[in-house]
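Please keep the sequence and the model in view while reading.

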Amino acid sequence: MAVTTQAQELQAEKVTPTLQVAKVALIGNPNSGKTSLFNQLTGLNQKVGNFPGVTVDKKTGICQLSPKQKAQIIDLPGTYSLYPKSLDERIVINLLYDVSSSHQPDLVIVTADASNLKRNLLLFTQLADLQIPAVLALNMVDVAQQEGIKVDVQVLQEQLGVPVVPVNARTGIGMAALKIIMTQQLQASGETFYAIPDALKTVINPIQERFELRNEYMALHYAHQYKSLKFLSEADVAWVDKLLEQEGFHSNTQQASETIARYTRINELLLDVVRVEKADKAEKFSNRLDQVLTHKVFGYLIFFAILFLVFQAVFTWASYPMDMIDEGIASLNSLIQENFNGPLVNLLTEGVIAGLGGVLIFIPQIAVLFAFIAVLEETGYMARVTFMMDKIMRKFGLNGKSVVPLISGVACAVPAIMSARTIENWKDRMITIFVTPLMSCSARIPVYTVLIALVVPEKYYFGFLNLQGIVLMGLYVLGFLAAIFSALLLKVLLKARERSYFIMEFPVYKMPRWKNVGLTIFEKAKTFVLEAGKVIVAVSIVLWVLASYGPGDSFERAEERALEQAQGMNLSEVQTDNLIASLQLEESYAGIIGHVIEPAIRPLGYDWKIGIALLTSFAAREVFVGTISTIYSIGEEENVSTIKNKLMSEKDASGDPFFTPARAFSLMVFYMLAMQCISTLAIVRRETKSWTWPLAQLVYMTGLAYVMAFITYQIFS
Amino acid sequence: MAQHKAQKQQAQKTVCDLKIGESGEIIGLKDPEMALKLLEMGCLPGTSVKLNSKAPLGDPITIIVNDYTLSLRLDEAETILLKEN
């Protein structure tokens, strides 16, 4: 087929180029290559922000069109039509219909999958009828050709009345032509693809007049979707409500007949455009692969093997860069402490830098996890996972798509909760967000490791099954069970706002585009550092103050007491310092709070020392090990076995070892279930747009942790 | 049970009644709200639909419509009415 790459051949009217930065919106069906096209056009010049009023990420990027001209590209969520069915899709209409918004695009690029042109054109014809200047980027022409589908670009262009540019979003073919078109001031297509029935004029005309809309089709959309348009005032909504009732407007019936009319029109215009050469197609490669990958037995086996690989990678591969970050932060801190002195230096090293380290340490795990998720999504395998798991997950009030957040939750709840956005249904999404933090995340590992080492003997069964490993796995399984049973509880409690759908395109298998994978990793890590980082650092500083200061001269007295005791016991200089730190922590505000909450946590087997650790763990649970080290005056740079020995020698009032299995298991259960992560609360607040959800999570999880830890302690002691 | 099955046979044929690899022609959509989504995805009256595969647990299923694969749950597939042969 003739591939048009010269913009000169394009038919749209051209006016003099503008000098200001043009706003270009990218819109298209899911799986039509929209994200790849966005990455091709903008490269690393991307920014993730929020759409005004809604908390779904808005990706924008700058594209250099010519040496002198730039365009701002807005990547809109994938959608099948302008009648949105999900939160993500609603963004599109809120952006396009708000006539007063500064985000109104000057041009939309509609991406269309050439191998599935009919369905892809539905969205295009809706946009064209809104009279928004548009360009059709015809993607995957090569795939279509392989399937024997030939598209006549010239005829398509004539039929649609807008430029059609064949592109290959994977290789970058057609980008130059697309950029040239963006420099032109384009007119909207003169074609209309749907004639609004005259009977609706009594509804449309008053709406068009009241909101000063540029055309009737836009007014029709206001009539259908006024309840989803965030920028309308309550008075406006009430007004439309009254008008529609008065006129007896049936939204469902009208939408259905519109869609049917559009498809009829599209079928007609495609008659001259698309030629299918191989009528009798060989069974597609994807279908054959599916026979194995979604097989009754092999399907699940392969899925669990992949899961196992992901776990391994997250825990082992990521541990090397994590150790490096850990050591780097530690040596930076000691370098500063050696050369400078004073309370501000301590604030910097133990508050700010330590807090920053607590953020940076998660980057390798987030990167590895999202590398896998991106590859699995890019290849189309993730769609098969949701397909295989949907029936099971639905029983627990979840959705096949909840699998991704739940699995990601094992690395870190923050990106996991962000990934719940693909779930269209409000109730399913809320339940997924609510229970994801119950999955044992990587921040719990250090806590589990220390406590398991303390009370579980290192025994092997059959030569390779390590008892400690089994206990660790047991904790993960318990966390998972807590998550799905909490989901079941919520399923009963929550009222559904909308129906749950599973109607989605089953994508064909593809090779991953590594550029997209790389950009996903980069973007997720950046979002985590910026979003969660702020809160973690802030809370770390507050906790540092609480742990570093006490009322009056209590710190000096603690130091004196420590020095006396040290002399009596003949301690070395390092041991003396550790003892001072320990006694000072007891006298600090954190220590005082620890004493205050002791009565409340005594039923769980904890004393005020663990109380301090619980308090400092509030921001981030991994702080537990560091705090425990300080309280028991172990010193910061000791390893697990030193901490273990020290804790083992800790005695209770009657002289028996303090860390009994009952206490240790009670603590493990508490850390497994409690909401001790400020970052997660912050991200839940951001994703749900309310404080109700994070607060409910805090109360529910911590309450559950308290009850279960109590039961555990009573059983084991 | 047998009676129930017989009753089902009497009722309108839907995509759920297809066997894997079998095709049918859509004549209508039962659920007005679900219909909007299905229509957008190209499940129009008159279109041919083929049951492609079932998930290991029997639900959801995939169908081929307009030359692409669509996945949906059984209770969604049940709303797609087919022509009796």
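1. In this predicted model, Glu505(A) has Leu70(B) of β4(B) as its bridge partner. The strand that joins β4(B) from the other chain is β12 of chain A, residues 504-505; two bridges link the pair, and the strands run antiparallel.

2. This pairing belongs to a wider arrangement. An open sheet is formed by six strands, in the order β12(A)-β4(B)-β3(B)-β2(B)-β1(B)-β5(B), with antiparallel pairing. At the edges stand β12 of chain A and β5 (80-82) of chain B; each has a single partner strand, so one side of each has no neighbour in the sheet. As a general point, the strands of a sheet pair through backbone hydrogen bonds, in either a parallel or an antiparallel manner.

3. Within chain B, β4(B) also pairs with strand β3, residues 61-65, in the antiparallel sense and over five bridges. Here Thr69(B) in β4(B) stands opposite Ile64(B).

4. How many residues does each chain bring to the contact? Chain A supplies 32 residues and chain B supplies 28. On the side of chain B that touches chain A, the elements giving two or more residues are α2 (32-40), β2 (48-54) and β4 (68-72) of chain B. The greatest contribution to this side comes from α2(B), with eight residues.

5. Chain B as a whole contains three helices and five strands, which follow one another from the N terminus as α-β-α-β-β-β-α-β. The chain has 85 residues, of which 40% count as buried. Of the contacts in chain B between residues at least 6 apart in sequence, 53% connect residues at least 24 apart.

6. In chain A, helix α6 (residues 175-183) has as its buried residues Ala177(A), Leu178(A), Ile181(A) and Met182(A). These residues lie on the same side of α6(A), because they cover an arc of only 140° around the axis. In general, an α-helix has 3.6 residues a turn, so residues three or four places apart point the same way.

7. Leaving aside residues up to four places away in sequence, Val110(A) touches residues including Ile27(A), Phe124(A), Leu136(A) and Ala137(A).

Key
Residues are numbered from 1 along each chain as its sequence is written. Chains are lettered from A and ligands numbered from 1 in the order in which they are written. This is a predicted model: local features need pLDDT of at least 70, side-chain atom pairs count only at pLDDT 80 or more; totals for chains, interfaces and linings use all residues. A residue is buried if 20 or more other C-beta atoms lie within 10 Å of its own, exposed if 12 or fewer, and partly exposed in between; C-beta atoms are placed from the backbone. Helices (H or I, at least four residues) and strands (E, at least two) are DSSP runs, numbered from the N terminus. The arc is that of the directions from the helix axis to the C-beta atoms. Two residues are in contact if their C-beta atoms, placed from the backbone, lie within 7 Å. Two strands pair if DSSP finds at least two bridges between them.
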